[in-house]
Amino acid sequence: LQGIFVLGLPYALLHSGYSGLLLIVLAAALCCYTGKILIACLYEENEDGQQVRVRDTYEDIANACCKKLSPKLGGIVVNVTQVVELIMTCILYLVVSGNLLSHSFSYVPMTEKTWSVIVFVTLLPCVFIRTLKIVSKLSQLCSLVHFVIIVVVMTYCLTQTHQWSWAKFRLSVEFEDFLISIGVIIFSYTSQIFLPTLEGNMKNPEEFRFMLNWTHFFACILKTTFALTALLTWGEETKEVITDNLPSFLKTLVNLCLLTKALLSYPLPFFAATEIVYSCISKGNPSNYKFPLLALSVRGSFLLLTLLMAMFTPHFALLMGLSGSVTGAAMTFLLPSLFHLKLKWKKLSSLEKCADISVFILGFLCSLAGIVCSIKGLLEVFG
């Protein structure tokens with residue numbers, strides 16, 4: 001819940017004003033709610049009235065909802081959406097890495113795209129990752145680096161309280177900028193694709209709802225505090241990646257820490273995306289799953305795809321907004337509410353039905369508007 005993309009929140013808050021604070025809180029509440037109803041879809045009542053886990057993955061839920069139309073249609077839609085979201089996450093890591101290196105070594109005559117290629121070369125060993133054990137160790141180091149970064153940025157902001165002014169906070173905002181900010185905020189909360197696996201591996205699954213409440217509560221507090229203090233410190237000068245605002249003596253150090261975090265973060269979504277593809281291939285022909293050349297080809301293709309996308313769309317906030325509006329909204333709001341209505345309709349109260357329908361409509365409208373505005377913003381940049 002507290003990934004590197006939290007660095008784009010101050011910029012999102014700059015373009016959404018006071019309404020952005022409400023959005024961060026509302027997004028936390030809605031994401032927490034949809035996480036709960038998604039997990040509820042994994043369970044069915046047995047003859048004794050007890051809840052029994054009859055499904056294991058997001059894909060299983062989707063297939064159960066679409067089994068009358070097509071036994072595998074729902075799973076295909078979910079898998080495609082998951083892979084797209086994971087690939088977009090990988091692309092964003094490359095984009096932000098190029099940005100960080102470019103600003104850290106501005107005296108070197110190299111563009112962000114060139115730096116992204118250098119980062120890409122360092123990530124080539126990812127094609128040889130075959131188990132989650134390596135990825136988990138990298139993720140542990142990533143969490144430690146992220147904590148250091150947040151502490152450094154927050155500490156600097158707190159030393160600048162003498163120049164804070166609420167006048168730096170926008171009251172009126174541009175509607176299109178506001179919609180892009182929605183996508184950025186949503187993307188910073190997306191975690192639904194990992195929840196079924198997380199809940200299934202908990203020692204006490206009955207505590208899942210309690211855990212989800214507290215993690216989203218603390219995530220909301222941390223995101224709001226971080227975004228607000230950064231915006232009050234730099235105001236209209238707030239950059240897409242907030243570390244670009246730090247003074248030179250801190251910026252290089254923090255940017256190198258962020259680069260380390262981005263490199264350590266990349267393997268997890270990359271591994272997850274390739275595993276989804278492999279699982280689909282293995283269902284069709286199990287022997288293909290173990291074929292080394294095929295595995296290397298798929299991983300190599302995914303790695304190259306992320307580089308090409310990073311080269312053509314080197315704009316962190318716009319790309320993050322587009323990702324949040326497309327895959328983030330679908331996996332976080334649209335599909336969980338739709339699946340919950342489909343599987344639990346007869347057992348839901350009128351209030352619960354209204355809540356699910358409201359979340360679906362809100363998610364659809366935000367997604368549609370965010371897609372249009374993000375694409376328009378990207379076209380304007382390229383134009």
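I began with helix α9: phenylalanine 210 and tryptophan 214 are 4 residues apart in that helix, so about one helical turn separates them. I note that the model is a predicted one.

Entry: I looked up the geometry of phenylalanine 210 and tryptophan 214 and found an edge-to-face aromatic pair, with 6.3 Å centre to centre and 65° between the planes. Phenylalanine 210 counts as exposed at 56% relative accessibility, while tryptophan 214 counts as partly exposed at 41%.

**Entry: rings in α3 and α14.** For the structure I noted 9 aromatic pairs. One of them joins tyrosine 58 and phenylalanine 339, edge-to-face, at 6.2 Å centre to centre and with 75° between the planes. Tyrosine 58 belongs to helix α3 (residues 58-65) and phenylalanine 339 to helix α14 (residues 316-344), so this pair ties together parts 281 residues apart in sequence. I checked accessibility as well: tyrosine 58 is buried, at a relative accessible area of 2%, and phenylalanine 339 is buried at 6%.

**Entry: packing of α1 and α9.** I returned to α9 (residues 208-234) and found that α1 (residues 9-16) packs with it at an angle of about 70°, the axes being 8 Å apart. That angle makes α1 roughly perpendicular to α9. I recorded the crossing of the two helices as right-handed. On the α1 side the contact is made by Leu9, Pro10, Leu13 and Leu14; on the α9 side, by Lys223, Phe226, Ala227, Leu228, Ala230 and Leu231. By class, I listed 9 nonpolar, no polar and 1 charged residues in this contact.

Key
Residues numbered from 1 in each chain as written. Predicted model: local features only at pLDDT ≥ 70, side-chain atom pairs only at ≥ 80, totals over all residues. Heavy atoms only, no water. Axes fitted to C-alpha atoms, helices over the stretch in contact; angles between N-to-C directions. Parallel < 35°, antiparallel > 145°, perpendicular 65-115°, else oblique. Left-handed = near helix turned anticlockwise from the far one by under 90°. Contact = heavy atoms within 4.5 Å. Nonpolar A, V, L, I, M, F, W, Y, C, P; charged D, E, K, R; others polar. Phe/Tyr/Trp six-rings, centres within 6.5 Å; stacked < 30°, edge-to-face > 60°. Buried < 20%, exposed > 50% of the residue type's maximum accessible area, 1.4 Å probe, protein only.
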